[in-house]
Amino acid sequence: LSDKLAQAEAEAVKQARVVSDLSAKLVMSSIAAEEAQARVDKLLFEVQKHTATISDLRSKEDARGEAEHAHGILQQVQQQNPVDEESLANGKFLSDKLAQAEAEALKQARVV
């Protein structure tokens, strides 16, 4: 009977070690999973940041294209519709403002 009891105790100790080892592996796996999730979150943030940058660059490129198109139309209209000196003087202020706006748009587009 004492041999059976000793065998049962030995088996219980063996099973306790197995449970302890499995528990330690579970804790390590949980830590590794948390670290992996943190890396995934960081990568996702970087992807979102780059996506926002790409979107911003596309917006600036679109604005640049629109400014260049407007400038081309303005030049075409000016060539097709010459104006007298008084009208030209009155329109110079607006033309200067448009040129400043175009320059600013091109400047911002070049920053890209």
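## What counts as buried or exposed

A residue is called buried when its relative accessible area is under 20%, exposed when that value is over 50%, and partly exposed in between (1.4 Å probe, protein chains only). Take Met-28: with a relative accessible area of 56%, Met-28 is exposed.

This is a predicted model, so local features need pLDDT of at least 70 and side-chain atom pairs count only at pLDDT 80 or more, while totals for chains, interfaces and linings use all residues. Residues are numbered from 1 along each chain as its sequence is written, and side-chain values use heavy atoms, with hydrogens and water left out.

## The chain as a whole

The protein chain has 2 helices and 0 strands. Both terms refer to DSSP runs numbered from the N terminus: helices are H or I with at least four residues, strands are E with at least two. Of the 112 residues in the chain, 3% are buried.

The chain exposes about 9,700 Å², and carbon and sulfur atoms supply 59% of that. Areas like this one come from the Shrake-Rupley method with a 1.4 Å probe; for residues, only the protein chains shown count as cover.

## A nonpolar patch

Back to Met-28, which sits in helix H1 (residues 2–80). Together with Val-27 and Ile-31, Met-28 forms a nonpolar patch on the surface, with about 280 Å² of accessible area between the three. Patch members need over 30% relative accessible area and no salt bridge; like charges are joined within 9 Å, and nonpolar side chains (Val, Leu, Ile, Met, Phe, Trp, Tyr) within 5 Å.

Side chains of opposite charge can pair when their charged atoms come close. A salt bridge here is a side-chain nitrogen of Lys or Arg within 4 Å of a carboxyl oxygen of Asp or Glu, and that rule gives 4 of them.

One joins Glu-46 and Lys-49, whose closest N and O atoms are 3.5 Å apart. These two are 3 residues apart in helix H1, so about one helical turn separates them. Glu-46 is partly exposed at 27% relative accessibility, and Lys-49 is partly exposed at 41%.

## Another pair and a network

Asp-56 and Lys-60 also form a salt bridge, with 3.6 Å between their closest N and O atoms. Both lie in helix H1, 4 residues apart, about one turn of the helix.

Then there's Glu-68 with Arg-64, at 3.3 Å between the closest N and O atoms. Glu-68 is partly exposed at 41%, and so is Arg-64 at 28%. Salt bridges that share partners link Glu-61, Arg-64 and Glu-68 into one network.
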